[in-house]
Amino acid sequence: MSCDDNHEARTKDRAKRRSLPIAGQTSSPKYWRSVEERDRTSPVPGAANEFAGGTFDVAQYGQEDGNGGNSVSRRGFMQVASLSTAMAAVGACTKPAHKIVPFVRRPEEVTPGNPLHFATAYGLDGYASGLLVESHEGRPTKIEGNPAHPQTLGATTSFEQSLTLSVYDDDRAKQIRSGTRPLAWRTFLAETAARTSQLGQNGGAGLRFLISPTTSPFLGDLRKRILDRFPSAKFVSYSSVADDGATDGTKLAFGKPLIARHKVASANVIVSLDADFLGEGNEQTRLSREFAARREPSRQMNRLYVVEPAMTITGAMADHRLRMPGGDVGAFLASLVSMMASRGIAALAPLASLTHGQRHWDPKWLVAVATDLERNRGNSLVIVGRRQPAAVHALAAALNVALGNLGNTVEYATPLTSDPTAGVAPLGTLVQEIAGGGVDTLVITASNPVYGAPVDFKLAKLLERVPNSIYFGLYEDETAAACKTMIPAAHPLESWGDLRATDGTVSIVQPLIAPLWGGIQEADVLAAFVGEGDVGAHALLKKFWKTQGKAPGDFDGTWERWLADGIVPGTAAPAEAGLTVDGQALAQAVAPALGAARQGMEIAFASDPKMYDGRFANSVWLQELPHPITKLTWDNAAMVSEATAKALNLEDGDVVEISYRDRRIDAPILRVPGHADDVVTLPLGYGRTGGEKVAAGIGFNAGELRFSDAPWFDRGVRLEKTERQIKFSITQDHWTMAPDGRETPPPVVSATIAEVLNPHSKFHTEVEDRRPDPEHPQPVIHKPVDYSGQPYKWAMAVDLNKCTGCSACVVACQSENNITTVGKENVRKGREMQWIRIDRYYTGSFEDPEVVTQPLACVHCETAPCEYVCPVNATVHSDEGLNEMVYNRCIGTRYCSNNCPYKVRRFNFLNYINDYSAARELGMNPDVTVRTRGIMEKCTYCVQRIERKRISTRIEGRMIQDGELLTACQQGCPTGAIVFGSLNDSNSKVSQLHADPRRYDLLYEIGTRPRTVYLARVRNPNPELGQPEKAGGHE
Amino acid sequence: MSDQGHEHHSDFVPRRFLLAEFSTPAGLLAGTTKMREGGYKNLDMHSPFPIHGTEEALGLKRPKIPLIVLCGAIAGACIAYSLIYFCNVFDWPLNIGNRPPHGPPANIPITFELAVLLGGGSAFMGFFALAKLPQPYHPIFESDDFARASVDAFFLSVELEPGTDIDRALADIRAAGALSGEIVEESER
Amino acid sequence: MPPLFRPRHNTLAQISLFVVAAGAAGVPLGLMLYARTPYARGMQNPIEQPIQFDHRHHTRDEGIDCRYCHNTVDRSPAASVPQTQLCLNCHAQIWDKSPILEPVRESFFQNKPIKWTRVYQLPEFVYFNHSIHVNKGVGCVSCHGRVDQMAAVEKATPLTMSWCLECHRRPEANIRPVEEVTNMEWQPQGDPEEAGRAQAAKNNVATRTSCTTCHR
Amino acid sequence: MAAPQLDVRDPLEPVALIEGAAGHTDKTINDSLLAHVWRGAGKGWWACFAVALSLLGMLVISISWTLYKGIGTWGNNIPVGWAFGIINFVWWIGIGHAGTLISAILLLFQQKWRTSINRFAEAMTLFAVICALLFPLIHTGRPWFAAYWLLPYPSTNGIWPQFKSPLTWDVFAVSTYFTISLLFWFLGLVPDLAALRDSSQSKMKRTIYGMLAMGFRGSGRHWAEYKWSYVLLAGLSTPLVLSVHTIVSFDFATSVIPGWHTTIFPPYFVAGAVFSGFAMVMTWMIPARRFLGLKHVVTMKHLENMNKIMLVTGMFVSYGYLMEHFIAWYSGDPYEFAQFFYTRMRGPMKGIYWTMIFCNVIVPQIFWSKRWRTSIPVMWFASILINVGMWCERYNIVITSLHRDFIPSKWENYMPTWVDISLFAGTIGLFSTLFLLFLKFIPAVAVTEVKELRHELAHDPTADPVGETH
């Protein structure tokens, strides 16, 4: 079912709601701009929740506990409190019952109409990303990275950006229930108390907890207390995309489970083995920043080798990329290791014999890599991805140690998660226990294990054997369906807690809004088992940290500073010192693992850059976000190489029956350049069958073929072509910069570092021909308007050399500017709305292409072709040279879009916002008009931010300083590829970039004089490998 | 000209017309000229289609339409250009993709169109105004024969001043070559 | 057979022609005029509020500054209606038994906001910012009229875009010393033109008419 | 411009513009030409009318649906922001042009053969322009604003239309075109309405036609002014018709899009307009003269002349295509070149392109041959093919140019929806409905002018062709 259908479904059950008005034709705002307006709009459930919520609950739970409702239940209190919290944010009046502390470096009074920023943290797989959340009158509206946080450094991922959407998700579970019987929280507590006292008799032998991996010291402490009370109870961590390989690998290498902390900043040569370190994992945001910092074209520019089966974001950034099945990567590393050994690196001598039989890769490649690594001892880095087995990680560790990289480019430390491993193995033991009938009470706080667990575990069926299965989750998903009791989870933005970054730094997680649908917090659920379920996470958390001795003296003061800063100082965990590898032991340990791979085609699973493991499947933003590489939306596909597709005579969209072992599923085929032959890659996270309306029926569930003994890849899959065909909704149909062989100037200029450093290379003439030259200005009819008299001359520069195409900017922009989503059908028609389009082009051969990504939004031409064709002055130039789009004046002739050579304008072909849930409207940015049907829109350079900043600085009587005003995309970008500022300030970063020798203007030749310019992509190929041949493009 | 038809005096004096049919356009022209030379005023011819020489036969002055149209067209052009100038240059000049607020070439089309519109309009209006149409009632419609004037008959009408000798008029018109002649009288309401 | 039409039909024909012409010209003209009437703009229409709050009494008699209640006007887009507690700062002592103030006490003790009725409503695509206007010396009275003389507040200005533009194009007429913004009676000394221009320069007023100044 | 070429020969040639002129009197002409008005509607008429009405129904439905749901019900997307809506607009406007050309330009050039077809052609102009006028409004995202924001009226927000936009020019051009055509048509109609008034039998018809005739009494004093105002209207319509399609072509020519951004558009659009217009006249005239018994006034001579014009204008259009391609190559602009030599010729929409070439370049060439020029079935099918070809031309210009412009990443294909198609079919329905009503209630031939023509054709002006009637 396409999302349009869902939309209809949703509009139906919201029939009573007034249909949304035409922008500009109504006096009733769809969002609050101030308390007065908010009051006027509340029949909005969200608001109702905050006002009526408390009292409503009091009544309801009064009945429950028979006290006639005069006793306020904890939850009731929580919401009354949250009401005053909201009031606090709104009216700047009463002190919030729950303190919410403004961020220190943004000293802004709590004022209606002025947003506040609160520091919190979010952990995708247990490790913290420090965030700043913008809050309007108590409603979180925008996520930013916390600059003070060692992991995010102020940037974000698209996952984190999407939190402000999911918190208002109307599909979230809303009612505690046991079977179909609705429960009150205190009823649940009562029942749990009863049950636990039984369990207590045999030390909780039948009590099991299946949790997501977490670094939270607070939850760790709760866990300890539970285990104290129930010595025979057990905790098991599970994530369907766990990093077990890494920890097991370090165990092999160093004898104890450790996690690697990478520091690519100091790496001259990076060899990434099936590791998408720029696109996934706990370090991705920081690594992206560090990596980009070393891409500045100079002799210090780093060099990236990537060996991987399917094209990833990291692969797209590679200077040299070698495609091979995931199962062969180990063999490749082994050969590399033995070659290094043969070059006299003593430490590797014992491993020299590992060299592996099959060598279907280019030997030159191996030599080149080896030489490069040797040349850069101590400043090189070998990274192995989470999909690779322990042996490979172990070898990599050994290699890093041998190269002396330890401590410089990589260090190893004790895992901060409460369980070192969270993968198949631990879950397996639990499964056996359940099968043995030994489990009486199973509390699942892990994210949707029934969907994510290996099929051979048959978890859903097994759970029937558990008398008392309790699922704590955001949605009524697959796992909820399989469990007896369902507890709706509070959203990360609704919860108290704490998390640790990869370096150990602790962040306090604070709620931005009271649980909209009355969700419960994880801490409260666990606390229920030590009889403190009604104390409240906030109290427990504070109590815990009071006892940690981190805040001598005035605890409350320190506590507030922690909340404000978003980090708890002095909590970083040191790395392991003096690690050594016992080569002999290692050799024996890994040899069997590297044994000859089985024959046949390889089936490979991959976490999805949009859905991850499926937990983001209900986010329309992410569903509609074009896949960074394939540009696929609203679907996943079985990805194969051109050669493989040819061999099986498959076209894009052909549905194939994939049969593996005893199971078979149907999936559509998508050919992907640079994909390894004889491999089919199946992205996880789709084909959801839970209660989430958006996710329902999107894509196929690759997990159906995932077995516990082959969680990531295996040989022996077969593809059978079926008759069926599906049409993908792909936002970029074409692969190259000249799909039909035309000879037009390429949108992206890329060159090698050698060419860039040589001032006489043709690269320089090429870019010089494509940018204004003061000596020989472009011929013009009308004298260019002079903006130098204006206080600011806004402009942007995008460094293609830094852009990884990760798409965080796209979602950031979507969130900041209230950009709607249009659904699968409309994307297919070519009506997607994201203001930023990340164009992805392949150059070179289809088999081993080079990939370039180019973020393209409105470039704010000074001689804008869109403007003079608008009959009603709806798009004109501002005094500072912004290309303004005036929604309320637009009549929607679409002429401007036709005449836009960049095609960056977006049109509301239908009244997409009709389908918004009332709650979703609460998440809108009140500074940006919500566009209705028939209106053109496009990038505004975040003019709402400009005007806010302009006003505040003018009141202070000063100019806006360079760097204090960031556009949403710029702020979200992990690599700092996007820079925005004023050209009238000759020292501004953007001015410097506009003067950069790599600068060129897109479509310079047609004389639009864009304000957004690009810096050419630069590659740092190994001369010994030469240039990959530049073959003709592919259509 | 010959119609105060819609002016009602308290003492109503009906206007009388001498209406005579001629067999051919040529005959009509000749007859008209003859009658005019015979001193009759307020003559008019009625034919299913325009006849060459009408103006001379009736001794009409130059038609006024061309001048009216010229004025209309000039007015249109001036209104258009000044409107554009007022809107986009004087009242609110905006930076439209770096183009100057006052771009004469861009103003040509609308200036021209409005000239044509008002010119054509005045040609149309002008005709009906000069012909004092619509005028559903006219005394000569009182004649039953006159219905053929729009089909295939050629009439000469003479508005007779009060006290004209009817018989003599009839005689004169026959002499002028009319096939028939009759007197029609305006009715009061 | 008598003719089809009678003399009176001539008059009829001419009258009907005239009516059509007049209608074609008159109706649009009428609409344009109507759109500019105070009635169409909802002016001169005192709004009834849940509480009989009398601005005359509070500002003129008690001499309370506007900013005591509308206390975010100089640092936020929204002037903000005061929170209930603010009312009770005084009314906990004065008139603390008055039935008129019952809703205020109720609001405070039951934690339910008082639902005031809007007087000045801008369309949602207009982003008016109080703080910058106040900080550049635009007096409250310039847009809100003599609130100190209103029993119940009414809309005093048309709030049409062209009305906004007038001032954004010629701000001098409405600029005063920043410390006088809440003064309802302030008048410029000497030639208002001169004084206005001087004051505007002094307050570093730089009005803009770019669309995104107000529409985003 | 087309007219002068055909001016060369015809007057010199003995012309049979009214067959059997001698046998005719004003009365017989009058009766024969009004006959179809008095005659009750036949089965054929009702059949056609039923079809037309059902198509019109589709139009109503699709317009309501569009207004209710939005432009999203069409196939348009980004980059193809304009599609069927604008194609149909340009196509209909073009068709309208033949009418004005025939009635106005041929009048100025004293082409006597025009008299029997001008009323017909003018009516066509009006109805075509009505169909065209629908689209600019409903194709906007918010028609309820477009309806009046495009006009320069003093609004309370103090903002005006943007007079540099070709769309604003369109508003003035098309509305002027419609108004002037209507006035011109009505003025020509007045004497005929008088004739209708005076020859109608029922009181009701007399009253209605009488009111419309405004009491016109064929007064010599009136005729004197009438001729002038008619000729002047013709004189104004002539540059008007040229300007209108010029301005329509500016919608494309002033833009930056390869395939739009070209200076040859104005003349080539006008030629195309006349080309398609005459084809449309032909398509309707051939059945009409048969079923309305107009063969004696709409003779083979007329049809042949129109075919010649189609040949000439067809050559104009072909030349236009040629120049587009030549300049695309000669200018050395890579985008322009790619547009014509990759996208149009070989792109996903090449089918449309080659249809256009066949219908507009190859088909008219058959009119070199006298035999085919005078063969009714041949010319009828040719005229239909040309209508198709000209529609394809607009498809090429509007959609094909847009769907692949500068940056390959945002190339999209275009697929019309049922709304698009029924909108197009619907306008054909609207056109046919109006046309059938016109044929039913108004003389399809300018009676007065034919009478006048008959007298002019009488060799000796003093002779009396109708003498024997007395």
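Between chain D and chain A, 38 residue pairs are in polar contact, counting pairs in which both residues have pLDDT of 80 or more; the model is a predicted one. On the side of chain D that touches chain A, the elements giving two or more residues are helices H3 (43-69), H6 (143-149), H7 (166-199), H9 (220-253) and H12 (334-346) of chain D. Of these, H12(D) provides the largest share, with five residues. Sorted by class, this side of chain D consists of 32 nonpolar, 19 polar and eight charged residues.

Charged side chains also pair across the boundary. Chain D and chain A are joined by three salt bridges. One of the residue pairs forming a salt bridge is A:Glu832 with D:Lys410, whose closest N and O atoms lie 2.5 Å apart.

The extent of the interface can be described by residues and by area. In chain D, 59 residues are in contact with 64 residues of chain A. The area buried between the two chains is about 5000 Å², and carbon and sulfur atoms give 55% of that area. On the chain D side, the residues that lose the most area to chain A are D:Ile78, D:Arg142 and D:Ile407, which together make up 14% of what that side buries.

Key
Residues are numbered from 1 along each chain as its sequence is written. Chains are lettered from A and ligands numbered from 1 in the order in which they are written. This is a predicted model: local features need pLDDT of at least 70, side-chain atom pairs count only at pLDDT 80 or more; totals for chains, interfaces and linings use all residues. Side-chain values use heavy atoms; hydrogens and water are left out. Contact means heavy atoms within 4.5 Å. Buried area is the accessible area (1.4 Å probe) that two parts lose on being put together, summed over both. A salt bridge is a side-chain nitrogen of Lys or Arg within 4 Å of a carboxyl oxygen of Asp or Glu. A polar contact is a pair of N or O atoms within 3.5 Å; within protein, one must be able to donate a hydrogen and the other to accept it, and residues adjacent in sequence count only if both atoms are side-chain atoms. Helices (H or I, at least four residues) and strands (E, at least two) are DSSP runs, numbered from the N terminus. Ala, Val, Leu, Ile, Met, Phe, Trp, Tyr, Cys and Pro count as nonpolar, Asp, Glu, Lys and Arg as charged, and the others, Gly among them, as polar.
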